[in-house]
Amino acid sequence: MLKLNKRQFLQGGLAAAAFGGALPMPVRAAGRNILVLASTVDIPNFDPHTATGYAPQWLFRNTYDPLVRVVGTPPTPTPGLAKSWAQSEDGLTYTFELDPAAKFHDGTPVTARDVAYSFARLLRLKQGPAWMLSGILDEESVAADGEGTVVMTLRKPFAPLLSVLPWMFVVNAAEVEANLGSDDGQSYLMSNIAGSGAFKMGRVLPGDRYELMRVEDDWHQGGNLDAAIWKIVRESSTARLMLGRGEIHIALDMFAEDMEAIKDTPNVVRIMEPDYRSFTIKMNTAHGPLMDKNLRKAVSYAYNYQAMLESSGPAELMHGPLPQGMFGHAGDLPVYRQDLDKAKEYLAQSAYPEGGLTLSMHHASGYENQRRWALIMLESLKPLNIEVDIRAMVWPDVVAMVKSPETTTDFFSIFQSPNYGDPDNTAFAAYHSSRNGQWQNPTYANPEVDAVIEAARSEVDPEARKALYRSFQELVIDDAPDVFGVMELRKFAMRDNVEGYEFCPVSANTMEIWPLSLG
Amino acid sequence: MLFYFIRRVAMLVPMLLGLSLLLFVVARLLPGDPVGLAAGPNATPELIERLRAEFGLDQSLPMQYWTYLTGLVQGDWGQSVFTRRPVFEDLMTYLPATLELVIAALVIAIVLGIPLGLLTAVYRNGVLDYVTRTVALGGIAMPRFFLGLLLQLGFAAWLGWLPLAGRFPLIGFPPEHVTGFYTVDAVLSGDWEGLRLALAHLAMPAFAMSLSPLATIMRMMRASTIEVLQQDYVLTERALGLSSRLILFKYVLKNAMTSTLTIIGLYVSWLLGGTVLVETVFDWPGLGLYATQAILTQDFMPVIGVTMVIAMIYLVTMLLVDLLYGVFNPKVRYS
């Protein structure tokens, strides 16, 4: 005889009588494979040539196609719209052969003209991911050679080309031209999809959810998903509960505390993998006391890296300016670790031998780990008789602040997530002087470093590139523009019935879902 | 009364104008660069300037305000810098969700608070009085988001009676849009399953929102009723042999309601302005979340739009409250 205790009775009988239909979704989704992802981030813009941010990037990877995709660890270029490609010896010309099976959502085939149109539009608008190709391609650089061949002529060699192509999505030229308006189709593509991806847009409720429907007769091979929902869940405790109840399959924005809380949740798998996202404390090298290189070195030696690591959750300390695991990373170079004798030695050589100054430090408001790392800076600099004025700031104020060295704080806390798996991304965005005034590199400028970065991005021989990145790292470490901090593990969680997932350290939270299946 | 009504409505215009000016100037004077932020981390200065011109931010402040004001009366409340969606359209999307939540919370607070206030006044210092006093103290003291989390743990995670979050099941079609209130739309379209689902989703956030006003209304009603019960005319009515029930519901209730009515009116704006935490915990896609997102990114126009809407609702509510005074207290004269 079936026996129920009071709790089971309440859970079963009364629930069914009261609100049974409102209960966990998998019951209601029987017969259809609908993947639900929970994220804190909205998707404000559907235009792959103007939008930025990880949530739009996720949308584009699943509703549009690039010529080349990126998968696996280490990130490897694999066929997208292009089934094969060839590179000229001088590294200036790339030829792509399109997959004849590729077709847009309206059933028309993807042609070389669509590819050329998309690149021209991207470079014309100069928004979204266009910066990755700045100075490399212009509006005329990509041309169609017949229906199925694309020829890309670079203005100068660009070694990471295949690494940036996964973020250049191809639109249906005919559809965009039919809805061009006065803004090059921006108004249209802001809320419409004109792609060839595995999914098309379903219902949209801004700020709440975005539903993707599998395209009928989808040309992509893989996965059994019929649909997917990008559900915005702002409170991580809610996301944890939803994951435990099976109401969502993947929770993307998890903190270390969340991962600890769900470690024993049945049917939930935790993903904690190293990726290229790094945290550094940048120093204002263009204004104020930290223009003094000796003072920067004193700070670099005074900082308590071990305390930083211990307060970070699952993470590892950075070893120089490039993320570990990335091509060209020189793990054998000496880096700064806490050594108060050396710190005092460099302080004595600086313009502030007795200390006695106060340095300002920003951290992102509401980000607990950044606050902790700022407090560690406060403690670390006390032996040098240096005070730290810690300021929590919201992001818009930060963006405004870094426009000028005069308004930028002495220390500036920042996470950097490379968009492509090549050292050029970190090196160029975070250390090239052309990026001054941007949050990735507010103030640091060194002509010698600029020259090495430019040489490395144009070098096509891997060994020569590696040597250039080694000298880049030597120069930057010697300049000490940053306190090289930690690389937190990428953290998210999924139900154990999600099959076919393969981690990729590049933009790990913008995963392609079409190869996934629900078991 | 009609003249009073017209005069009060006419007074709303300069008040809203003043408010819009104040909001506009304050929003523009705040430090920050929403356009730079919206343009992305790698936007060129030229692109940022182009976007600034596109949103009219390169014009003088008076000219920007004039453009905003003329647009306002034509139903153009500006555009979000981030999403480029029209603010008015967004408000019409999110406002019904918030209003439904606020109205449900108020209904719970009024339906439970007034009778409980009356009862505890009549049976003061009894068991019910002590119990409700304890609950009231807890209701006022406990933060809404914390109560929301407790409710989620109890009724969703542990008992499994109610859905955890959201306004409707993720995989399911809400009732056909008429008013944007899912419960009302379900009734209008005869979708009883939809109504049940909408109510199930509404239950926890509405209760979490209602506890504080419920407690206040209950305590206010109790105090007012005790005060009225001690009036000479009540003694006279008792001496005349009128039944306690008649005295309580016909004479005492009306007089005790006046101050409670003011509290209810004030709670409308309090609830409207304070939904954000409950909306965050329950993923309720309403105005609070919309406003928070806009504030964090300093997206001026949505912030101004939300504030204007809340101000309008507050002013209209207070006008209704003033008019209702006359219904409950015939001594009130509108002149």
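Two residues are in contact here if their C-beta atoms, placed from the backbone, lie within 7 Å. By that rule, 71% of the contacts in chain B between residues at least 6 apart in sequence join residues at least 24 apart. This is a predicted model, in which local features need pLDDT of at least 70 and side-chain atom pairs count only at pLDDT 80 or more, while totals for chains, interfaces and linings use all residues. Residues are numbered from 1 along each chain as its sequence is written, and chains are lettered from A and ligands numbered from 1 in the order in which they are written.

**Chain B as a whole**

- Chain B has 14 helices and zero strands; helices (H or I, at least four residues) and strands (E, at least two) are DSSP runs, numbered from the N terminus.
- The C-alpha atoms of chain B fill a box of roughly 85 × 55 × 40 Å along the principal axes.
- Of its 335 residues, 41% count as buried. A residue is buried if 20 or more other C-beta atoms lie within 10 Å of its own, exposed if 12 or fewer, and partly exposed in between, with C-beta atoms placed from the backbone.

**Domains of chain B**

- Chain B is divided into domain 1 (2-73) and domain 2 (91-334); domain bounds come from an automatic or database domain assignment.
- The C-alpha centres of domain 1 of chain B and domain 2 of chain B lie 32 Å apart.
- Their contact takes 16 residues from domain 1 of chain B and 14 residues from domain 2 of chain B.
- On the domain 1 side, α1 (2-29) and α2 (34-39) of chain B are the elements that give two or more residues, and α1(B) gives the most, with 12 residues.
- That side of domain 1 of chain B divides into 12 nonpolar, two polar and two charged residues. Ala, Val, Leu, Ile, Met, Phe, Trp, Tyr, Cys and Pro count as nonpolar, Asp, Glu, Lys and Arg as charged, and the others, Gly among them, as polar.

**Domains of chain A**

- The assignment for chain A gives domain 1 (1-64 + 197-273 + 490-519), domain 2 (65-187) and domain 3 (278-488).
- The centres of domain 1 of chain A and domain 3 of chain A, taken over C-alpha atoms, are separated by 36 Å.
- Five residues from domain 1 of chain A and seven residues from domain 3 of chain A make up their contact.
- The domain 1 side of this contact in chain A has four nonpolar residues, one polar and no charged.

**Where chain A meets chain B**

- In the contact between the chains, 46 residues of chain A touch 47 residues of chain B.
- The elements of chain A that give two or more residues to this side are α1 (6-19), α2 (25-28), β1 (34-39), β12 (227-232), α8 (236-245) and α14 (395-401).
- The largest share, six residues, comes from α1(A).
- The chain A side divides into 26 nonpolar, 10 polar and 10 charged residues.

**Strands around β17 of chain A**

- Strand β17 (residues 357-364) of chain A runs parallel to strand β18 (residues 386-393) of chain A, and eight bridges join them; two strands pair if DSSP finds at least two bridges between them.
- Thr358(A) has Glu387(A) as its bridge partner in β18(A).
- Between β17(A) and β18(A) the chain passes through helix α13 (residues 368-381) of chain A, in a right-handed β-α-β crossover. Right-handed here says that, with the strands pointing away from the viewer, the path from the first strand over the helix to the second runs clockwise.
- β17(A) is also joined by two bridges to strand β19 (residues 411-416) of chain A, again in parallel, and His362(A) stands opposite Phe412(A) in β19(A).

**Helix α4 of chain A**

- α4 (residues 112-125) of chain A has 14 residues and reaches 20 Å from its first C-alpha to its last, close to the 20 Å expected at 1.5 Å a residue; the expected span is 1.5 Å times one less than the number of residues.
- In α4(A), 10 of the 14 residues are buried, including Asp114(A), Tyr117(A), Phe119(A) and Arg121(A).
- The buried residues of α4(A) pack against β6 (93-98), β7 (142-145), β8 (149-153), β9 (169-170) and α6 (173-178) of chain A.

**Tyr54 of chain A**

- Tyr54(A) is found in helix α3 (residues 54-63) of chain A, and counts as partly exposed because it has 18 C-beta neighbours inside 10 Å.
- Not counting residues up to four places away in sequence, Tyr54(A) touches Val41(A), Ser507(A), Asn509(A) and Thr510(A).
- Tyr54(A) and Met511(A) are 457 residues apart in sequence and 9.8 Å apart in space, C-alpha to C-alpha.
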